[in-house]
Every structure is written in C-alpha cells, then in structure tokens.
Amino acid sequence: MKRAQFGEFVLDLDTRELLRRGEPRALSPKAFDLLHVLIEHQPKVLSKAELHDYLWPNTFVVEANLSNLIGEIRRALAENPHDPQFVRTVHRIGYAFRGELHADGRDRGIALYRVSWAGGSALLAAGAHLIGRDPDAAVVLESPSVSRHHARISIADGHATFEDLGSKNGSTVDGRPANGPMDLADGDVITVGAVDLKFQSFRPLGSTETVIKR
C-alpha cells in the first residue's frame, strides 16, 4: 500500500483517501491530486503554471480554480490559512508542502503517472488500472470505438506495462500492435480503439532538476 503519513494524517494512494486518525476527510478528486503532487515533490515550490499543467493539461481554467483547491485542502487539514502547518503559499509563485513525512510514510514508491487525451486526463499510482467505456474504469473513454473493458495499465515497482484485454478494435503503443503486455515509457502514445492517450511519468524529486514534464 502506498501511503504518505504526516502529523495526524495519512494520504492513501490505493484508496484515494485522506485520513485523520483513521477517519476519512472530504476531498474532491482534483484536490486529492493537488495534495498528492505537493507531497511527492516537497519541499520544492511548484509554480502555478506547473500545477495548472499537471491538473488541467491542455485545458484553460481560471486561476481561481487552483486557489479554491488549496482552500479545500486546508479545510480538510483543519489548517489556519494565515499560518498553515502543511501547505505553504509562496506569493506570486506557487505552493509547497512543508509538513514532515513520517519515516514509515516517506514512500518514494508513490510514483506519479498520468494518461491524457482530448478532453481528459487521469493520474495513476501503483496497481492495475482498467481503460474502457465502463463507468467503473480508472480511465473512462466515452467513444464507440472503445470496448467496455478495453485494456489495462499496470504499475509496480516504478515500472508500467500496457495490455489489451481482447478488445474488438485493438490497441497500439507508438504504432506497434499491442498483442501482449508492452512496457511503457514517458511520452508513449497509446491508441485505444480510435482514442489517443499520452502516457507520462514524473521523475522523483531532484536537487536542481525540473520535476514536472510538459
């Protein structure tokens, strides 16, 4: 299980829950993703532009959307916005996570992956992620060319693979037919039916490297 533990809180990537003393705290999917990326890259300050690109790739949104999510996170963490314990505002630049992660919760295995397509995107952590038209899929693609259970991306130990699940219209990875499990690399284009998805991986925190790829 991939968890980040800080203060009285646990951010659980498997269940996509924020817990306080074992009790779930209300957090929208976008706010969860924002807290996730801030924790993963702490103590680095992530600019507003980087966070917009991460949360809303290839989509225009007003700047207030980001500040609203920060407010939602702070309410879930019961923080005083004027003296926050965990989420720091760097005025005119962006935000950073300042909390200390517990030794057993500082899990750099909480790797960050994303698939994006025209009109949507999804974050992927460790585990198996179904792609298809089924509403319960991790990546829901509303296209008649996509089967209900079309394909699967599996992530384990920092390694990602793609597998077509016997779909009617098939799949490719960078133009190569997916006739069996295929390794995925940052920037690969996955075609599921007639829908193209871009696969991205985000490198762990480095001392001077840019950590979010555009």
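Modeller: One term before we start: two strands count as paired if DSSP finds at least two bridges between them. And keep in mind that this is a predicted model.

Colleague: Good. With that in mind, how do S8 and S9 pair, and over how many bridges?
Modeller: S8 and strand S9 (residues 120–124) are antiparallel, with five bridges between them. Tryptophan 117 sits opposite glycine 120 in S9.

Colleague: How many residues lie between S8 and S9 in the hairpin?
Modeller: Two residues separate S8 and S9 there, and glycine 119 in the turn has a positive phi of about 95°.

Colleague: Is S8 mostly covered or uncovered?
Modeller: Mostly covered, with six of its six residues buried. Side chains in a regular strand alternate between the two faces of the sheet. For S8, Leu112, Arg114 and Ser116 lie on one side, Tyr113, Val115 and Trp117 lie on the other, and all are buried.

Colleague: Let me pick on serine 116. Is serine 116 buried or exposed?
Modeller: Its relative accessibility is 9%, and buried means under 20%, so serine 116 counts as buried. It belongs to strand S8 (residues 112–117).

Colleague: And what is serine 116 in contact with, leaving aside neighbours within four places in sequence?
Modeller: Serine 116 touches Pro57, Ser121, Asp196, Leu197, Lys198 and Gln200.

Colleague: Switching to helices. At what angle do H1 and H3 pack?
Modeller: Helix H1 (residues 29–40) and helix H3 (residues 64–76) pack at about 85°, and their axes are 9 Å apart. Angles of 65 to 115 degrees count as roughly perpendicular, and H1 and H3 are therefore roughly perpendicular to each other.

Colleague: Which residues meet there?
Modeller: From H1, Lys30, Ala31, Leu34, Leu35 and Leu38 meet Leu66, Leu69, Ile70, Glu72 and Ile73 of H3. By type, the residues of this contact are eight nonpolar, no polar and two charged.

Colleague: What about H2, how many of its residues are buried?
Modeller: Helix H2 (residues 48–55) has six of its eight residues buried, so it is largely enclosed by the rest of the structure. Those buried residues are Glu50, Leu51, His52, Asp53, Tyr54 and Leu55.

Colleague: On to sheets. What is the strand order in the open sheet of four strands?
Modeller: The order is S1-S2-S3-S4, with antiparallel pairing. Strand S1 (3–6) and strand S4 (23–25) are at the edges with a single partner strand each, so one side of each has no neighbour in the sheet. From one strand to the next, the twist averages 30°.

Colleague: How many bridges join S3 to S4?
Modeller: Three bridges join strand S3 (residues 17–20) to S4, and the two run antiparallel. Arginine 20 has glutamate 23 in S4 as its bridge partner.

Colleague: Which strands of that sheet does H1 touch?
Modeller: H1 packs on the sheet and touches S1, strand S2 (9–12) and S3, with its direction at about 105° to that of S2.

Colleague: And the five-stranded open sheet, what is the order there?
Modeller: That one runs S11-S10-S12-S13-S16, with mixed pairing. Its edges are strand S11 (139–140) and strand S16 (182–183); each has a single partner strand, so one side of each is left without a neighbour in the sheet. Within the sheet, strand S10 (residues 127–132) and strand S12 (residues 151–156) are antiparallel over five bridges, and glycine 127 stands opposite isoleucine 155 in S12.

Colleague: Quick one on a loop. Where is glycine 166?
Modeller: Glycine 166 is in the loop between strand S13 (159–164) and strand S14 (171–173). With 67% relative accessibility, glycine 166 counts as exposed. Its C-alpha atom is 7.1 Å from that of histidine 150, 16 residues away along the chain.

Colleague: What is the mean pLDDT of the chain?
Modeller: The mean is 84, and 89% of the residues reach 70 or more. Residues 103–109 have pLDDT below 50, and that stretch has 15 contacts in the model beyond near neighbours in sequence. Residues 204–214 also stay under 50, with 35 contacts beyond four places in sequence.

Colleague: Last one: how many helices and strands does the chain have?
Modeller: Three helices and 18 strands. Of the 214 residues, 47% are buried.

Technical notes. Residues numbered from 1 in each chain as written. Predicted model: local features only at pLDDT ≥ 70, side-chain atom pairs only at ≥ 80, totals over all residues. Heavy atoms only, no water. Axes fitted to C-alpha atoms, helices over the stretch in contact; angles between N-to-C directions. Parallel < 35°, antiparallel > 145°, perpendicular 65-115°, else oblique. Contact = heavy atoms within 4.5 Å. Nonpolar A, V, L, I, M, F, W, Y, C, P; charged D, E, K, R; others polar. pLDDT = per-residue confidence, 0-100. Buried < 20%, exposed > 50% of the residue type's maximum accessible area, 1.4 Å probe, protein only.
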